[in-house]
Amino acid sequence: MRGNTPMLRTAVLIVTVAALAMPGSARGASPETAPVRLRVGTTVDLDSDNPFAASAGNDWSVATTQYDMLLKFANEDLTPAPSLGTGCESSSDYMTWTCTLREGVKWSDGEPLTAADVAFSYRFVIDHKIPQYKSYFPFDPVFETPNDTTLIWKAKEPTFAPSMPPWVYIVPEHIWADDVGKELKEIRAVPNTPAVVSGPFMMTSWTHGQGWSFERNPNYWGEQPHIDGVDYRLYSNQEAMIQALKNGEIDIADGLEPGLIASLGDSSNITIQKVVSDWWLNLAFNFGGQPGSDYEPLPALHDLDVRKAIMMAIDKQAIVDKVYQGTATTGDTIIRPASAYWHLDIPADEEYPFDPVAANKLLDDGGYLDTDDDGIREDPANGLPLHLVMPASSDTTGAVGAGELIVGFLAKIGISVDLKPATDGKMNDYWGAGSFDAYIWYWSGDPDPNYQLFVFTSEQCGAWEDGCWKNEKFDALYEEQHSIMDPAERLAVVQEAQRIAYFDIPGIALAYPGWLEAYRNDRFEGWIGAPGENGYILPTYNYDSLISVRPVTGSAGSSGKSSSLPGWIWIVAVVAVGGGVFLITRRGRRKEMDEA
Amino acid sequence: MGARRYVVKKVTHALATVLFILSFNFLLFRIMPGDPVGILVRSDRLTPAQVDELRTDLGLNLPLPRQYLHYVGQTVTGSLGESLRNSRPVSTMIFERLGPTALLVGLGTIFASLFGVLIGIKGGWNRGSRFDTSSQLGSLVLYAVPEGWLGMLLLLFFSGVLGWFPAGGFETGGLTGMSRVVDVLDHLFLPLLTLTLGYVGQYSIVMRSSMIDTTHEEYVMSARAKGVPERMVRRNHVVPNAFLPTFTLIFLSFGFVLGGAVVIETIFSWPGLGLLTYDSIGSLDYPVIQGVFLLGSLAVIVANLFADMTYGYLDPRIRET
C-alpha cells in the first residue's frame with residue numbers, strides 16, 4: 001500500500017491538470033459568429049422521419065416543418081389557404097377541380113417542383129393505400145397535369161375533397177419514384193434523413209433517443225426564416241424539461257403537463273402559450289351491440305333521461321379547474337373549438353346546466369329509486385342497480401383525474417361507478433370487447449369536420465363508434481353535409497349534426513384541454529399561433545411560426561452556451577474523488593503504523 | 001479433475017439459466033395487459049381489416065407456441081427482430097444505446113465499488129471508531145434512499161436552482177473534439193453522481209461486515225499471535241478473504257451494467273438501455289423489451305459465471321468442494 005501513495009498523488013495531479021485544461025479549451029469557443037438556432041424541448045420521441053409512416057405527435061411536426069401541402073391551413077381559422085398551390089376552382093358539378101401552382105418552386109436539392117410532384121404524391125397515397133391519408137381521396141379521383149403549374153382533379157362524384165384541403169404532404173417524385181409498388185411495410189421503413197423537401201427547413205440529423213435537427217432549406221420558395229436551424233431535444237420527463245427551460249438549455253418546451261405549470265413559478269422570462277387544443281376529453285356511453293361482444297351494458301343508458309341526469313350531475317368546470325388547473329375549457333359538442341369555422345358553441349341558455357338537484361328529480365320522476373336503501377338507485381324495469389363500469393385511459397392527460405371526480409358527482413345522484421384506470425393498450429381491449437358501460441378517452445380529428453362526424457355514424461359500430469350510438473337523423477345529416485359543396489350551406493348542416501349529438505348524448509364532451517407550450521420570452525419573439533392567437537406556435541397545422549420567429553433584439557438567440565456550469569466544479573469533483581481515496585487509505589495506514 | 005468438474009457444472013448451470021430466461025422473457029411480456037397493435041390503431045386510423053393484416057404481418061395472431069418457436073429460432077440465429085413501433089432492427093437500437101449505458105453505469109459501478117470497498121475496509125477494521133459509525137450511518141442512508149428521489153433532488157438543485165449542469169440528455173449536439181468530450185462530461189456528471197451515491201452504500205456495508213467476520217477467523221488470530229504487524233495482517237490475511245463476497249457483488253453489478261439503470265437514465269434523459277427499456281415498455285414494443293431483457297439477463301449470467309470461475313481461482317477451497 002505504501003508504494004501506492006506517490007502514484008496516487010501523481011494520478012490526482014494529472015487528472016486535476018487535465019480537468020483544468022479541458023474547460024478552458026471547450027468554453028473558449030466564441031459564440032459570436034454562431035448561427036441562430038431555436039432549441040425545442042419535447043418529451044415525445046420521434047418514431048419516424050418518413051411522412052408515410054407518421055403516426056405520433058412529433059412525426060407530424062417533423063413532416064409539417066419539412067413539407068408543404070397543396071393548400072395549407074390558414075393561421076386564423078384553419079380554413080384552406082394558398083401554399084404550393086394558389087387555389088383550386090371547381091367545375092359547376094364539383095366533379096372536376098383545377099388547382100394552380102406557384103411558378104418557380106424548387107425542391108431543396110434544386111430540382112423544380114411541379115404539378116407532376118403533386119399528382120405523384122396523391123397517386124402514391126392512393127395506390128399504396130397509405131392509411132393516414134387515403135380517406136382524403138373519395139370517389140376514385142384521377143389527376144392530370146396539362147402543364148407544370150396546373151393540376152386537374154377529376155372525381156367520379158361531386159366532392160369538396162380538393163379544397164378541404166387534403167392533409168397530404170407533397171413529396172418529390174424524383175426521390176420517391178423508386179419506392180412505387182413496394183409493400184406498405186417497406187414504404188414505411190424508408191429512411192428519410194436528410195430529406196429532399198420544399199418547406200423552410202430540412203431535417204439533417206436524428207440521433208435516436210436524443211433529438212433531431214433541422215437546417216434551413218436554401219431553396220425555400222417563401223419568405224426566408226430569421227433562424228438558421230431548429231434543434232429538438234428529447235427529455236424523458238417533464239421536470240427535467242422544465243429545468244432545461246428555466247436554465248436556458250432550451251428556448252421553448254412543447255407539451256407541458258398542466259399540473260407542472262406551478263413549478264415554473266413566477267419566472268417573468270417564461271411565457272405560457274395555452275393552446276386551444278385539437279383534442280377533447282370524452283365520456284362515451286355504451287349502448288351495446290358491438291359485433292362479437294357478449295357484454296350487456298347497463299340497459300338504463302338507453303333512457304335519455306338517465307343520460308341527461310348524468311350530464312347534469314357532472315361539474316365540467318370542476319374538471320377544468322381541478323384536473324387541468326384551468327388550462328382547458330368546458331366541453332360541449334363533438335367538433336372542438338380548434339376547428340373554429342365549424343365548431344358550434346351551444347348557447348348558455350340551451351346547454352344542459354350543472355344541476356344535481358334537477359338530475360336527482362329527473363331520476364326520481366323516471367322511477368329510478370333506491371329501493372334497497374344502499375345509496376344506489378335501481379332501474380324500475382329490471383331492478384338492476386345503476387352501476388357503471390367505466391375504464392379511463394391513464395395515457396390521456398386528465399382522463400383518470402376526471403374519472404375520479406365523476407365517481408363523486410354521480411354518487412350524489414345515486415349512481416355508482418367502478419372506475420378502471422387503464423393504459424391505452426388495455427383500453428383497446430375494453431373497446432374491442434365492448435365490455436364497459438362508459439369510458440373516458442379522447443377524440444381528435446382534422447380541421448375539417450367530416451371525419452369527426454363520420455366516426456359517430458351508426459355504421460361505425462364495431463369500428464370507430466365504440467359505444468354503438470345510433471341516430472338516423474345524425475346519419476342523414478352526415479350524408480347530406482358530405483355532398484354540399486358550398487361551405488356556408490354545409491356549415492348549417494354540420495352544426496345541426498353537432499346539435500343532435502349534443503342533445504341526444506351519445507357521450508359527454510367533458511373538456512377541451514389546452515396544449516401547453518412555454519417559451520423564453522427573453523430569447524425569441526414573433527411567434528404565430530394557429531388557429532388564432534391561442535393556437536399552436538410550434539409546427540402543427542403549418543410551419544408559419546418558424547418563419548416569423550426571431551431572436552429578441554439584443555439577445556444572442558440560442559447561440560450561447562447551454563449551461564452556466566463553472567469549470568471549477570469538475571476540478572472540485574476530481575479533487576474530492578482523489579482526495580477521498582487518498583485520505584481513507586492514508587489515515588488508516590498512519591493508525592496502523594502507530595499500532596505497530 | 002475437481003477444477004474441470006467445477007467449470008463444467010457452472011457452465012451447464014449458466015446454459016440452463018439462459019434457456020429458462022429465453023422462455024420466461026417470451027411469456028412475461030405476453031401476459032402483460034394490452035395489445036401493441038391496439039396502440040397503433042388509434043393513431044394510424046386503420047380499419048379493422050388493416051389491423052388484422054398488421055397483426056399477421058407482425059406475427060401476433062399466430063398461436064403462442066408458434067410465436068415462441070419463431071422467437072427462439074430467430075434469437076438463436078442472432079436476430080432480435082424489429083421494433084413494432086418504428087420497424088428498426090432491435091439489435092441496432094440496442095447497439096446505439098450501449099455506449100451511453102456503459103459509460104454511465106460502468107463508471108458508476110467502478111466509483112461506487114471503489115469507494116464502497118475502501119470505506120468498508122476502513123470501517124470494518126476500525127469497528128466502532130468515529131469513522132466507522134459515521135460511514136455506516138451514511139452508507140445505510142444512501143442504501144435506503146430511492147435512487148430516483150435522490151436523482152430528482154440533485155437535478156432540481158444543481159440544474160434547476162444553480163443551473164450548473166444540463167437538465168438531461170447525453171450531449172448538446174453539434175460539437176466536436178474536446179468540446180464534445182467536456183459537453184458529454186457535463187451531461188454525465190449528475191447521473192454519475194446519483195448512481196455512485198446510490199450504490200456506494202451496499203458495497204461498503206457488505207465489505208464492512210465481511211471484514212468484521214474475517215477478523216475473528218482463527219488464521220487471523222494466529223497471524224497476530226505470531227507477531228505479524230497489524231498492517232500486514234490486514235493486507236495479507238483479512239482483506240483478501242473479506243473481499244470475496246464483495247467481489248461477487250461487484251461482478252454481478254457489472255452484469256447489470258448492460259441492463260442499464262432504468263430509473264436514473266429516465267430521470268436524466270440519458271439515452272441508454274435503461275431508458276430504451278422504459279420507453280419500449282410504455283409502447284408495448286415486445287421485440288425491443290425482449291431484446292433488452294435478454295441482453296441484460298445474459299450479461300448477468302456471464303458475469304456470474306465469470307465471478308464463479310475467478311472465485312474458484314481466488315479461493316481454492318471452492319474448487320475442492
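A crossing of two helices is called right-handed if the near helix is turned clockwise from the far one by less than a right angle. Keep that in mind as we walk through this predicted model, starting with a pair of helices in chain B.

The crossing of helix 5 and helix 13 of chain B is right-handed. Helix 5 covers residues 90–125 of chain B and helix 13 covers residues 286–314, and their axes come within 10 Å of each other at an angle of roughly 55 degrees. That angle makes helix 5 of chain B oblique to helix 13 of chain B. Which residues of helix 5 of chain B meet helix 13 of chain B? They are V90(B), M93(B) and I94(B), and across from them in helix 13 stand P287(B), V288(B), G291(B), V292(B) and L295(B).

Now take in chain B as a whole. Chain B has 14 helices and zero strands. Its C-alpha trace spans about 85 × 60 × 40 Å along the principal axes. Chain B has 321 residues, and 43% of them count as buried. If you take the contacts in chain B between residues at least 6 apart in sequence, 73% of them join residues at least 24 apart. As for confidence, the mean pLDDT of chain B is 83, with 90% of its residues at 70 or more. Where pLDDT is low, the predicted coordinates should not be read in detail. For the complex, the predictor gives an ipTM of 0.79 and a pTM of 0.81.

Next, let us see where one chain meets the other. Helix 6 of chain A (residues 238–246) packs against helix 7 of chain B (residues 147–161), with axes 10 Å apart and an angle of about 10 degrees. The two helices are therefore roughly parallel to each other. From helix 6 of chain A, the residues in this contact are E239(A), A240(A), Q243(A) and K246(A). Their partners in helix 7 of chain B are M152(B), L155(B), L156(B), S159(B) and G160(B). By class, the contact of these two helices has four nonpolar, three polar and two charged residues.

Inside chain A there is another helix pair to look at. Helix 7 of chain A (residues 304–313) and helix 9 of chain A (residues 356–365) have axes that come within 8 Å and cross at roughly 165 degrees. Angles over 145 degrees count as roughly antiparallel, so helix 7 and helix 9 of chain A are roughly antiparallel to each other. Is their crossing left-handed or right-handed? The crossing of helix 7 and helix 9 of chain A is left-handed. Helix 7 of chain A brings D305(A), K308(A), A309(A), M312(A) and A313(A) to the contact, while helix 9 of chain A brings P356(A), A358(A), A359(A), L362(A) and L363(A). The residues of this contact divide into eight nonpolar, no polar and two charged.

The loops of chain A are worth a visit too. F456(A) sits in the loop between helix 12 (450–454) and helix 13 (472–482) of chain A. Why does F456(A) count as buried? A residue is buried if 20 or more other C-beta atoms lie within 10 Å of its own, and F456(A) has 25. Leaving aside residues up to four places away in sequence, F456(A) touches I334(A), E465(A), W469(A), F474(A), A501(A) and P506(A). One of these, A501(A), is 45 residues from F456(A) along the chain, and their C-alpha atoms are separated by 8.6 Å.

Finally, look at some backbone details. Most residues other than glycine have a negative phi, and most peptide bonds are trans. A cis peptide bond, however, joins M164(A) and P165(A), with omega about -10 degrees. P165(A) lies in the loop between strand 7 (150–154) and helix 4 (173–176) of chain A. Another cis peptide bond joins T193(A) and P194(A), with omega about -5 degrees; P194(A) is in the loop between helix 5 (184–188) and strand 8 (201–207) of chain A.

D140(A) has a positive phi, near 40 degrees, and its place is the loop between helix 3 (115–127) and strand 6 (142–147) of chain A. D140(A) is exposed, with 10 other C-beta atoms within 10 Å. Q325(A) also has a positive phi, near 50 degrees, and Q325(A) is found in the loop between helix 8 (316–323) and strand 14 (328–330) of chain A. With 17 other C-beta atoms within 10 Å, Q325(A) is partly exposed.

Note on methods
Residues numbered from 1 in each chain as written. Chains lettered and ligands numbered in written order. Predicted model: local features only at pLDDT ≥ 70, side-chain atom pairs only at ≥ 80, totals over all residues. Axes fitted to C-alpha atoms, helices over the stretch in contact; angles between N-to-C directions. Helix = DSSP H or I, 4+ residues; strand = E, 2+ residues; numbered from the N terminus. Parallel < 35°, antiparallel > 145°, perpendicular 65-115°, else oblique. Contact = placed C-beta atoms within 7 Å. Nonpolar A, V, L, I, M, F, W, Y, C, P; charged D, E, K, R; others polar. Buried ≥ 20, exposed ≤ 12 C-beta atoms within 10 Å, placed from the backbone. pLDDT = per-residue confidence, 0-100.
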